[in-house]
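Colleague: I am new to this structure and would be grateful for a close look at a single part of it. Could you please take me through the aromatic rings and how they pair?

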Amino acid sequence: MGAVSMKSEKVLEPFGLQEFYVDGFGNFHLSNGILRYAAFTQQQAPGGRTQSIAVFRVIIPAVGARASIEAAAGALGNGATLHVLR
């Protein structure tokens, strides 16, 4: 896979987008160059446990995922630990 440069460009929002707070991402699956994963929130479950509830699923080309991870690491600075799937 070749590297893709991420541009900081204006993104038009012709309508209001819903924002989601998530606690994390999981259920990663890479197949045929497409990365799929779920964003989840954590909620209290019966018995004092915590359970992860999927909020939405992200489906993107693996090349786009690599560029997104690199851009996020740059924005978060040196304290961030993000890993690129190979």
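Modeller: Phe 25 has a relative accessible area of 43%, so this residue counts as partly exposed. The model is a predicted one. Tyr 37, by contrast, is buried, with a relative accessible area of 15%, because the limit for a buried residue is under 20%. Three aromatic pairs are counted in total. In one of these, the rings of Phe 20 and Phe 56 lie 5.3 Å apart between their centres, and their planes meet at 50°, so the pair is tilted. This pair joins distant parts of the chain, since Phe 20 belongs to the segment before strand 1 while Phe 56 belongs to strand 3, 36 residues apart. Phe 20 is partly exposed, at 43% relative accessibility, and Phe 56 is also partly exposed, at 31%. Phe 25 and Tyr 37 form another aromatic pair, with 5.4 Å from centre to centre and 80° between the planes, an edge-to-face arrangement. Here too, distant parts of the chain are linked: Phe 25 lies in strand 1 and Tyr 37 in strand 2, 12 residues apart. Ring pairs also bring Phe 28 into a cluster with Phe 25 and Tyr 37.

Note on methods: Residues numbered from 1 in each chain as written. Predicted model: local features only at pLDDT ≥ 70, side-chain atom pairs only at ≥ 80, totals over all residues. Heavy atoms only, no water. Phe/Tyr/Trp six-rings, centres within 6.5 Å; stacked < 30°, edge-to-face > 60°. Helix = DSSP H or I, 4+ residues; strand = E, 2+ residues; numbered from the N terminus. Buried < 20%, exposed > 50% of the residue type's maximum accessible area, 1.4 Å probe, protein only.
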